[in-house]
Amino acid sequence: MRSCANFIGDIRHVDSYFGLYHYLTQRLLESIDHTAEVYPDLVNPYYKPLFKYHTYVKDFVKALNSPFGYNLPRFKNLSIRELFDRNELQEEKVEQS
């Protein structure tokens, strides 16, 4: 995450730490993925929407977190926005207060 300054200018819409974390993680992975140079036909299909919409790709989040599938609570906490940061105030909770 030290290189997040390289990608921060490309972000269009971030409404949570969850979105910011996953967008920066996906962009960092794309920047170090040299598969396309060696095998141009094997370009990761998750990269197109990443650059088209300038926000994280939900399917990519699930693919990246699939190794945590052996522990369902951990997988859910990393993959579901509402469970990612328990300290973050959700809109519904703010409205009830």
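## Gln 26 and its surroundings

In this predicted model, the side chain of Gln 26 reaches the backbone nitrogen of Val 57 at a distance of 2.9 Å. Gln 26 has its place in helix 1, and because its relative accessibility is 0%, below the 20% limit, Gln 26 counts as buried.

## Helix 1 against helix 4

Gln 26 also takes part in the contact of two helices, in which Phe 18, His 22, Thr 25, Gln 26 and Leu 29 of helix 1 meet Phe 60, Val 61, Leu 64 and Asn 65 of helix 4. The residues of this contact divide into five nonpolar and four polar, with no charged residue.

Which angle do helix 1 and helix 4 make where they pack? The angle is about 75 degrees, and the axes lie 11 Å apart; since angles of 65 to 115 degrees count as roughly perpendicular, helix 1 and helix 4 are therefore roughly perpendicular to each other.

Not counting residues up to four places away in sequence, Asn 65 touches His 22, Phe 75, Leu 78 and Ser 79.

For one of these, Ser 79, the side chains are joined with that of Asn 65 by a polar contact of 3.1 Å. The two residues are 14 residues apart along the chain, while their C-alpha atoms are separated by 6.8 Å.

Ser 16 is found in the segment before helix 1, which spans residues 17–32. Is Ser 16 buried or exposed? With a relative accessible area of 7%, Ser 16 is buried, because buried means under 20%. The side chain of Ser 16 reaches the backbone nitrogen of Gly 19 at 3.2 Å and also makes a polar contact with the side chain of Arg 81 at 3.3 Å. Apart from residues up to four places away in sequence, Ser 16 touches Arg 81 and Glu 88.

Arg 81, the partner in that side-chain contact, is found in helix 6, residues 81–84, and at 25% relative accessibility Arg 81 counts as partly exposed.

His 54 is found in the loop between helix 3 (47–53) and helix 4, where its phi is near 55 degrees, a positive value in a residue other than glycine. With a relative accessible area of 14%, His 54 is buried.

Pro 73 lies in helix 5, residues 72–79, and at 51% relative accessibility Pro 73 counts as exposed, because the limit for that class is over 50%. From C-alpha to C-alpha, Pro 73 and Leu 83 are 9.5 Å apart in space, and they are 10 residues apart in sequence.

## The chain as a whole and its confidence

The secondary structure of the protein chain comes to seven helices and zero strands, and from the N terminus on the elements run α-α-α-α-α-α-α. Of the 97 residues in the chain, buried residues make up 24%. Among the contacts with a separation of 6 or more, 47% are accounted for by residues 24 or more positions apart.

The chain averages a pLDDT of 82, and 85% of the residues score at least 70.

Conventions. Residues numbered from 1 in each chain as written. Predicted model: local features only at pLDDT ≥ 70, side-chain atom pairs only at ≥ 80, totals over all residues. Heavy atoms only, no water. Helix = DSSP H or I, 4+ residues; strand = E, 2+ residues; numbered from the N terminus. Buried < 20%, exposed > 50% of the residue type's maximum accessible area, 1.4 Å probe, protein only. Polar contact = N/O pair within 3.5 Å; in protein donor to acceptor, adjacent residues only side chain to side chain. Contact = heavy atoms within 4.5 Å. pLDDT = per-residue confidence, 0-100. Axes fitted to C-alpha atoms, helices over the stretch in contact; angles between N-to-C directions. Parallel < 35°, antiparallel > 145°, perpendicular 65-115°, else oblique. Nonpolar A, V, L, I, M, F, W, Y, C, P; charged D, E, K, R; others polar.
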